[in-house]
Each structure stands twice: as structure tokens, then as C-alpha cells.
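Hi,

Here is the structure I promised to pass on. Have a look at it first, and then read my notes below.

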Amino acid sequence: MTDMLTPVLTDMWDVERSWTLAAYTAKGGYQGLDKAFGMSQDAVIEAVKDSGLRGRGGAGFPTGMKWSFIPQDNPKPKYLVVNADESEPGTCKDIPLMMGNPHVLVEGVIISSYAIRANKAFIYIRGEVLHVIRRVQAAVEEAYAAGHLGKDIHGSGYDLDIVVHAGAGAYICGEETALLEGLEGRRGQPRLRPPFPAVAGLYASPTVINNVESIASVPSIIANGAAWFASMGTEKSKGYGIFSLSGHVKKPGQYEAPLGITLRELLDLAGGIREGHDLKFWTPGGSSTPLLTAEHLDIPLDFEGVGAAGSMLGTRALQIFDETVCVVRAVLRWTEFYKHESCGKCTPCREGTWWLVQTLARLEKGEGSEADLDLLLDQCDNILGRSFCALGDGATSPISSSIKYFRDEYLAHLTHGGCPFDHARSTAWAGQEVTA
Amino acid sequence: MALDDKTMGELREIAGRYPEKRSGLLPMLHLVQSVEGKVTPDAIEACAQILEISAAEVSGVATFYTMYKRHAVGDFHVGVCTNTLCAVMGGDQIFERLKDHLDVGNDELAEKRQGDQYSVSLEHVECNAACDFAPVVMVNWEFMDNQTPEGAVQMVEALRAGHDVKSTRGPKLCTWREAERVLAGFPDGRVDEGPSAGPASLAGLEIARERGWKAPDAAAVPVIEKGQADD
Amino acid sequence: MTTTPEKATELVNVTIDGIQVAVPKDTLVIRAAEQVGVQVPRFCDHPLLAPVGACRQCLVDVPDAGNGRGFPKPQASCTLPVAEGMVVNTQATSPVADKAQQGVMEFLLVNHPLDCPVCDKGGECPLQNQAMSNGRGESRFSGGANEGTKRTFPKPINLSPNVLLDRERCIVCQRCTRFAEEIAGDPFIALVERGAQQQIGIAEDAPFLSYFSGNVIQICPVGALTSEAYRFRSRPFDLVSSPGVAEHDACGSAIRVDHRRGKVMRRMAGDDPEVNEEWLTDKDRFAFTYAQGDDRITYPQVRGDDGALRPASWPEAFAVAARGLAAAKAAGGVATLTGGRLTAEDAYAYSKFARVALGSNDIDFRSRPLSAEETAFLAAHVVLTAPSNGGVTYADLESASKVVLVGLEPEDEAGAIWLRLRKSTLAGRTEVIAIAPFSTRGLTKLNGRLVPTVPGDEPAALASLAGELDGTAVVLVGERLATVPGGLLAAADLAATSGARLAWVPRRAGDRGAVEAGCLPNLLPGGRPVADAAARVDVATAWGVDALPEAEGRDADAIWWALHHGELSGLVIAGVDPADTSNPVGAKAAIEAASFVVALDVRETDVTRAADVVLPVAPVSDKAGSFVNWEGRVRPFEAALANPSSLTELRILSGIAAELGTPLGFRTVAEARAEMEQLGAWDGERTVAGVTGGDENLGEGLVLATWKQSIDNGSMQDGDKYLKATARTPVALVGKDVYDACGPTVTLTGDRGSVTLPAEVGDDLVAGVVWVPANSFGAGVLSDLASPGSRVRVEGGQA
């Protein structure tokens, strides 16, 4: 059987000067290129389809199928756009990946662009990660110098240019059509679909938009074969993925494992919840995925397992909160985030988040009444599925799930006349205090 | 005051990187920030002129993205993550402490005292994708991982005094304007500073190394039947 | 709905609220629902703007998308096209849709100030109306213990001198910004900021200066956008709305005149899919106060023995006018200059009055530079063309493969044409080719192609296009081409040889009607040639007179000359400004020289001050009538205001004619219309244009190109200072070489004077040309500088 952890993308991270071409090449990097160029483009697409790779940006759409939607009879240029706008609260995998192993992304971009017949690719990196941008810029430069990019790559006759594009601060640009707007120099507001980007994306041309981790997984699939990738994971959620543990665990960090691992297993590896505390709630894949609790420790962390538990696998951003954390405070803060990041285009998200924050803030201060919980749920009902894009949906996840699991805690705020928690006990340094 | 010829040339160069020049707008606005210290009406006009769009359209973009500033920021712009996880882990306390220490509100520039080499501004930021290093502070968009209130105060004082401060996962901190220039696509040669990964990033890998865990050996995996996984 | 060219329409069957309906493929669900009588509430949706799905008010339930599967969530009906077999349940039958809509409405009102009692829009507000029909009565956001905090903004702010924005009322539906970008091509307003702070904004020092800006006020579904002129002046429910037709250009745009207690308060675009769709130029919208000023003539005046004008009764004025005209007729003849502002019925009255009462064909509507070539062209190629007999229409512009513009700058001179061309060019259907000295802003926004042409060289430029036009092309000829020798002939030749269709676009609302009515020296009403005996008999019979004058009359330039030189004695003149004529000094002198002048006008002018009898006439708001637009489409309208002392010109002329013993046979608009209809159109031979004339343009200096901008010093724009403030700053457009030699200020000197203007470089201005706006400084180009097409000297600095 497969080992519990399966470092592939993270495997470079402890290598000396891992971000350099030399280090990457020494580990066998860029060998996938010639193999890919030796295959037909459609065969590459088939291989990715066969691997079962599903989008690692949260939605889990089969990557190979996405590529096959590109209409190859369309005379317009085709584009590959890498979504490196990692901004979902709790999600922190693409950033260390690009910092420690930027070349695997570049290699993935080359193979993927080849498959969809794109001669221009863009890596859209959120602007707030300066050093990551440096590393990716440098990797692209090195790849050009080594002949992995530019004209007639490796004598294959295939040309590719990559532009590294820095964003400027907008969570919504993680939504693929909003990202395209940003990449076209516009306000990052989602576009009407259809037409879908595969048909009319960047510059109204056929465009594939993939998450960093999805693209970075492609070289390993080509090098080792679809069956190798599919041998990991579960039936419908194949392969490996990076699981990001954060919060009240002893060893927060990145754990690359086959899909389907459980939180209990991950917590064991991470040394458990911090000393003297218990798991209270967690997010399986960022703040937009409904909260789960200790009763969900054994669900397989794959698309189906988490879905069956009423949440979503998302980006495998496992934010762990122990019993010192006030769920109302946590949810209010996330809601303030969604309000801040709402693009403003549609009414439910723009006005709904404005109102949700006020209702939650009142509850958190111990004001309002139990009826406000029903009001909150009704507000969520009027936002979920009514907004233009998924940001509005995401904003309702923490609220409705927290009321589902922690209704009494909301009510405790009312009876207590405020928040009954001591926030100081949740801090990273609280453990250093004497436990009373 | 109009932008100088060098800047205008570089703005055109950025626009030229893309199949359609308007795509250059985001990096172009980063570049004008590196020159002007913020997005000025002149800069908006210059971008509009180069991209042949209206100043209102540029303005719409410049006001949409939070990294664009319409007022001066410090040589070192300190962003404290107060999204839920970092807030819970102590980000709120760090932000409060810095506000108090610098005597500023959110997104404000602290007074440059006599003797200060550099100025500092403070802002609370949303999740910066470093949750495993919580609580996180960003200085000119470089990671300052695992911060404490006291450590953050010492850090801003060191910055004001002109001492070298190193990112926990990156190089010696450069100024905000220098950082903006890199974001515009003009590298500064600091790429090889800093580590490959921070300690938390390596948490899983270290366990795998200890226990000898690996991804399966490709040679040992049977070849997949066509279409088997195709759904 | 629009007049987009129809294809064979494929129908799709859908079921909406249980009712089956077949609608054309690609119809949006929101409009399909209208077909079964269901109004789905909406804000961002507008049939003439691209769908955005932003407000989410129009959510409906779709249990079957046509493939047997339903959408799990409510869908925005404004972005969802119908599909065969689709089942849609709106708020009328679906609790899910109803709740979704109520939810969105509640969100919209969370941050709305609910200041309907003090809001201009109150009473005609889609938000107010739909909040009543599709919202909950009680707020859960504010009131009681749950007092929420609303978003507030300082208010209002000026987007331009005449458009104000109240950001608190705005629901950011983007109708205005989409209009600015898609329809007007003037994206000077844009969404700025983000999230709850998102708002409509302008860039610093870059106001929303668009010739079409007022449309955003009209399509705003809330009270966020208001006009400086109308703000707080009236309540919708106090207004009486009358349909009308705009009088500022030859487009024939439908308008709605909103008035209260005998005063026009505002004007809105009417909805006429075949003409102006739902849009209006700012000039047509805001310029209506010219008739409300102190200079309005309110009673007849006659020149007394002391040489001064004195008030007179109508009967006395008629008598004095008749006496004087009879004497002048006997002394050498009386000519008639009608200007271009008349209704078709009034023009008909002048035409008949000139022939019957004055016994003369000396009549011309053209109060601007003209030519004999044009006189012949109008008779041969313009009169009687109409949509009903194959004349070029707006819809044709939209389906044309190419549209050639010559002597015409439609954004300035014919806004509705420009908008239609933009619609078509944006859809990729039409290429616009302009024969002009430079690419104007209007042409650039049409993605048009310039054929760079020095004024005077238009004939060659037209000929050069012969190879690329065919029957799918249209040539639009502006009235300015009249001054180019051979220009109109060349246009007609181009059309004849290529098969392209030809249309003439005058500048004024009454021009085309005057052609039809025979306010020309060579034409009788209905396109009957004066020179054709049968045509004269036709008209004489209808009019019950023995005969009509046989010889073709003098054109306007010849009339001025003859008056000045004593060859004509009297003048009937209506709404003509000498400054507009080809020779302003000569025209003034001619009026001075005339022995007897009867002036009919709305307002006091230099002409009325010099006249012997002054007769006040009704402005368009006060009378019924028709304009015939450039297409030849008759655009009738009724009086908006009832003003018993405001007489139509036909009533006045009939009074004078009666005194002269030659009754016109009608006293009302209805009677005149009936007679016009009875007379009908000429079905005989038309004259053939063949005249060319004018002088070759020789001499030193740059050739002067000029036309009137949409917003300028035109007297019919008087009275709205906010509109006037949106006029473009007058500049002289020069080549880079001239700019480098002369600097940022230039003085132009022509045969009529010198003007000093800021200079601007015209990037693609053809060499040897300078352009200035025709009526944006002083008394205008013709008075103060030189004739269009003549040479002017350009020097740096002040004169």
C-alpha cells in the first residue's frame, strides 16, 4: 500500500537552493518535457484525463476534461492561465510550492500549454507575496535561458512564452473569470457564463485556467504515468495533494498525502491538538467550506467524503480551532472578510455581507435575540445560490454551519451579555502562560 | 506633475508584454506606485493615455485592488493578518499593540520621529496564505512569520531606526517602492536570498523523510487500462 | 425592442407559469415572460444594453432547462436564453422565485436611504414601484432594536455640469456605465471602489462630458442620477406628458415633453424603435428653455410713423402686413425666406403664400451656404424619398455593409444617426468611411476609416470609393457638401455607378419638410418641378388659382443680392439668423435695404428689430405639426401646451393672405394637413441634376474646415447654462507643423475677420487644413472669419 505521506511536489523543498534550475534539474526536472513532446497533444490530454487529476483549486473539476473543452477548430490563439491567486482563508499550499519549487510549475505550464496548443501562458500570482513572485520570475527567466521556453523548445517546433503577472489585492480574482478580468487590466469582477473560458476566455479566446497545484502535478503524471498517479487516492479522488494544517495543532504545516487521508491521521502526524486542548471545529478546505467538528475526524478527506459530511474538500486548508476559540468571533471575522472582498457586482453578496456583519456583530456583543439566528439563516438562504458567483455562497458557509453545530454558543452570548470567551487563551503564545 | 520619460517608457514596456496592452494595467499601477509612492491623478492619466482608455476606467481599476494606495504609505508598510485564524492565534493582539505603539489607525502612516531613518505605515490585511505560520505579519509583502506583539514592536522600531531586518522566509526587507517595482515585473536580484521553505512548510516532509515514506515507485505500478479513470 | 435586421426567426417553445409560448430563439427568459404577461422585476436589465445579471432582482425558478433537468438554484432571467421545452416559474407561480426576489429587494433596500418623499424619482421609480410589488412591507434591517447602520455618502456629486449623482440612492446596476461605454462610447463614468463601497465615479478633472449624457438620468432605475436643471423642480405626478418630436436636428427623434401649468419642465427620450430607439442627444433633451426667456415675442408689432415698433392687434398687424406686401409686390416683388425650423405644415403655408399671395417662386428655406448644384440635387435626388418608397432608413444604416459620410459629422450634427451607426459598427456589421479632413472623436468611436480630404476635394474622394461600394452600401451626404463644387454631383454619381444608396442629411428639423413643401425656387409642394407646366397646372388646380408663376425663382443667396440691389422690394422672413447665411454682412444689408419686411419669429432678433411688421409665432411646444426627418419619414406631433396667444405660422399667413384677397384656404394645422394630403406627391418626371457651380478655391493660407458642434452658441440652446457648460472648448485644430511653428495659441485671419483660439494638434489632420467649430465663438465662423472651404491665414499668438 501507499505510504501515508507521499511527497512529490514538496519533495524538492528541503533541497539546497531548491528554487534554482540546477537543483530542479539535478532531481530530474524538465525530463517530462521531451516525453510530452514525444506524445501527441491529445495523448497528453488523455493521460491527464486517465490520471483522474481533479482541480486542486477547490472545485475539483477534472483537469483533463477541462482541457478537452478547448475547441481546437477555433482559429483564435489558445491561452493557459495559472491561477496563483491563493487567497482563500486557511489556504497556504501554492505559496510555499512556488517559493520552494517554482520550476515544477514552469514545467507543468509548458506541458499543459503544449497539450491545449497554447503558445502563450500567464501565471497570475497574487501581488502580496513578493518573494514568491521573485522566485517564479527567476524560474521563468532560467527556463528561457535553458531553452525550456521560447521558440522551438527542445527542437520540438513548439513555441511558448510565459508572462508572470502580479495581482494587486483582490480575493475575488481567485474566481477564474474575475481573474481573467484582472489579467485584462480590468476590475476583478466575475463574468457572465456562458460563454465559458474554454470557449471565450482571455481576450475572448479559448482559455484554460488551472490552479498552481493542478499544473504542478502534470509533470509527475507525464513522467510516471497516469496509472501511477491514479494508484494514489480514492476511487473518484485520485492522486496526492497538499494538506495544510494550521491553527491549534502542535506541528502546523504542509503534509502531502494521497486524497482520502483523514484528519485524525493528519493530526496524529502533526502531534495532535496543542497540549491540554481539544478540537472544537475545523474547516476542511478554507473558510468557504462549511465547518466540521470532532465528529468528522474520520471522514476521508476526498471530494466525496467531505461532500457527504455536508462540506467541501476545497483546498484542503485544514484550519484547526480548539475549545478556547469563540465560534461566533471566528465566524464574524470571516464574514467581515467576505464583506471586504465582495466585488460589489451583485446585490445579494454586496448588501448581504454588509448586513450579515451587522447582525453577527450584534450577536457577538450579546445584543439582539434568538430570533436573529433565524434572521441570519434566512439572510444566508437569500444569498446562497442567488449571488452572481460563489463568493456569496462561501460567505454563508461558516454562518449556517456554525449555527448548525454551535447554536447554543450563539445563545450563550445573549445570556452572558457578550462573548464568554477569553481571547487571550487562543493565542499562539497562550500556552506559555500558566494554566490555571 | 507628469511622469518622467523613463517611467513612461517602462509603462509602455509593461503594456508591450501582453497581446492586448490593457492587460498591463495592474503591473503598470504597481510601477507608478514605485515611482510616485501612490497612485496619483497624473499616473492615472498617464496609464489611460498609454492604454487608450479613459481615466475613469483606470480609476475604476486603481480603486478596486487593495494594494493600490491613494495616500502615502511608509517606507515599510506593515500588514498584520487579522483574518480569523491569525486573529485567533494573536493577530488581533499584534495589530492592537502596533496601533497603540505607532499611534495610528488602520491604513495610516505613522509619524516619522526625529532620528527615524524610515517611516512605517500600518494596515490590517486579509489571509496572506501563510496560515501555518500564524500569526503572520507582512512587511512590504514579505513574510514575517510567527509574530508576537512584542516582537512586532521591536521589528518596526528596527525598521524605523534603519537597521537591516530580514524576512523569515525571504530576503532583507527592501522599501515599499522597491517592492512595487518588482511587482511591476522588474526583478531586483534578491531572488536567491532566504530559504527554500519555512519550518512549517517542511513539517510533513520531515516526517516522510524520517519514516522513509515516498510516493509509489512508478515502475511498480501497472499500466492503466484506457478510459478506466475517465469520468 | 430594437430594429435589428430580421432574419428568418426560429421559434422556441417554452412554458412560463404554466402558459406555453413560442418566442424567437435567443430570447431572454425575462422578455419571454413579458409575452405571457408576466413582468419579472428588474433593475440592471435594459433591452438595449448587453445583459449583466448584476442586480439579481429577476430570479426565477427553472425546474426544467429543456433537457429534463432543472437548475438547482433560481436563475437570473435577464441572462438566461430560452431553450426548447424549458419550463420557467416566475414569482407569479413559484414560492422559490418569489422569495428569492423578495430577498434581493430586501438587500437592495438595506442601504437605500428610503428618501422617496424628497427624491425626484419618487412616483416614477422602478425601485419604489417594485419594492411595493415584490418586496416586504416591513424592514428587518432597521426599526426597533435592530437598527442597522446604513452606508452614507456626501451628496450629491457632479458627474458633469448637468448630471448629478446621489450615491446613497444608487443600486450600482451599471445601467449608466454600460450606456456610457456601449451606446455612447464615452466611458467617462465607471464603477469605482469595491464591495459595499462600490459606486459610480469619474476620474479627477475628467467629468462625464458626453453628448448623450442625459440618457443615463432617464434609464437610472432609482433616483441616483438627476439633472441639474430639473432637480427638485417638479413631481412626476404633477406633470403632464405629451409626445413630441425633437426640433434640434433632422433626426426626428421621438421625445416626451413633460410640462406643468403651461411650462415645459423637462424632456425625455420617446421610445421609437425605428428612429431614436430610446435615446436622445443632450441638446434634444435639455435645450428647450429658449422659448421661455425674456426675449420671447408675445404680441404683434408694427412700425409706427415715428419709425419705432409698437404693439398692434392681430387684425391690425395682418392689415399692415398685407398692405406693405402688396406695395412691395408691386414695387419689385417680395421674396420669402423660411429658415429650416418650420413644421411641414407651416412650410407648406409659406410655399403656398409665396406662390398665391406674393405671386413669386422667390422662396428658399436655406438660411446657410448653398449652391445651385444643391437646388438641383434636392429636386432630383431628395424630395419624395421616404421609407415607404425605398428611401434609406435608420434600419438600413444598421444593416449596411459600409456607410460613407461626406459633409456630415453625425455625432455633432445628427446624434441619432451616430448612435445607430455605433450600434451597427460595434456589432461588426458596418464599416463607416468618412470623407473628412481628420478623424473626429465621433469617427474614432465608430472605429471608422478616414479618407483624408481637404475641403473642396470631396468629389475626387467620393470617386475613389466607387470600386468598393455596392448595393449594400449607403452614402450619407450632409448639407455642408452643398458648398463644394461638384460634391453633390459626385455623390450622386457614386451612388449611380456603384449601386450604393444615397441619402441627404440636413442639419435642421424643418429642412426636409421644407423641401417637400416646396420652399425652394424650383419646387412646388409634393416635389413638383416649377419648370414643369403640368406640375404647375396640377398645383394651380388644387389651389383653385388660375396659374402659378412660371419662372423658377431666386435662391436664398440671389434673394439677398436682389434685395440689396433693389431688384426685390419686400421680404417675408421666418426664423433666419443672418449670421448663418453665406454672407452675414450682405444679409443684414439686404434686410436694411428691403422696403418692407415682415418677420415671423418666436424671439426678438436683429431681424425682428429691423422688420416693419413683427408677428410672434408659436414654438414647437405650443403647436401641432410635423417634421419630416432625413429619411423622409413624417413625424407628426400635437401641441404640448395650449397657448391661445401663440399662433402657428400657417394661421398667421392665412390671416395676411386673406387681407391680400388671396385666401390660403386653411387656418388650422388639420386643415393644412388635409390639403397637403389631398395634393399628394408628384408622379411625373423629376428634374435631372446637372448643375455644378461655385468658384475654385484659390489663394494663400490653410483651407478652412468647419462645422457646428452639437453643443455650441446656437440660439436654441439658450437658457440652460448647465447644458452650455458641457460644450467642448473651442480650439483650432492644426497640423503638427503649424502647431510647432505657431504654438499653443493661434490667430486665424480670413476675409471676414480674425479670431484667436487655443490650438490643438490634429493627429491625422490632412495637410493644408485648419479646423474650427462653426458657432462656438463670437458670432460664428461665417461672420467673424471666412466661408468654409476658403483660405485663412494662421499665425501664432494673439492678433
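Axes are lines fitted to C-alpha atoms (for helices, over the stretch in contact), and angles run from 0 to 180 degrees between N-to-C directions. Helices (H or I, at least four residues) and strands (E, at least two) are DSSP runs, numbered from the N terminus.

This is a predicted model, where local features need pLDDT of at least 70 and side-chain atom pairs count only at pLDDT 80 or more, while totals for chains, interfaces and linings use all residues. Residues are numbered from 1 along each chain as its sequence is written, and chains are lettered from A and ligands numbered from 1 in the order in which they are written.

Two helices in chain C

Take α9(C) (residues 372-382) and α15(C) (residues 487-498): their axes are 9 Å apart and they pack at an angle of about 30 degrees. These two helices, α9(C) and α15(C), are therefore roughly parallel to each other. On the α9(C) side, the contact (C-beta atoms, placed from the backbone, within 7 Å) uses C:Glu373, C:Glu374, C:Phe377 and C:His381, and α15(C) brings C:Leu488, C:Leu489 and C:Ala492. By type, the residues of this contact are 4 nonpolar, 1 polar and 2 charged. Here Ala, Val, Leu, Ile, Met, Phe, Trp, Tyr, Cys and Pro count as nonpolar, Asp, Glu, Lys and Arg as charged, and the others, Gly among them, as polar.

The sheet in chain A

Now go to chain A, where 4 strands form an open sheet in the order β3-β2-β1-β4, with parallel pairing. (Strands pair if DSSP finds at least two bridges between them.) Strands β3 (161-166) and β4 (207-211) of chain A are at the edges with a single partner strand each, so one side of each has no neighbour in the sheet. From one strand to the next, the twist averages 20 degrees. Strand β2(A) (residues 118-125) runs parallel to β3(A) and is joined to it by 6 bridges; A:Ala121 has A:Ile162 in β3(A) as its bridge partner.

Which strands does helix α8(A) (residues 176-183) lie across? They are β1, β2, β3 and β4 of chain A, and α8(A) runs at about 105 degrees to β1(A).

Where chains B and C meet

Finally, 13 residues from chain C and 11 residues from chain B make up the contact. Strand β8(C) (residues 190-192) gives the most to the chain C side, with 3 residues.

Cheers

Technical notes: Contact = placed C-beta atoms within 7 Å. Parallel < 35°, antiparallel > 145°, perpendicular 65-115°, else oblique.
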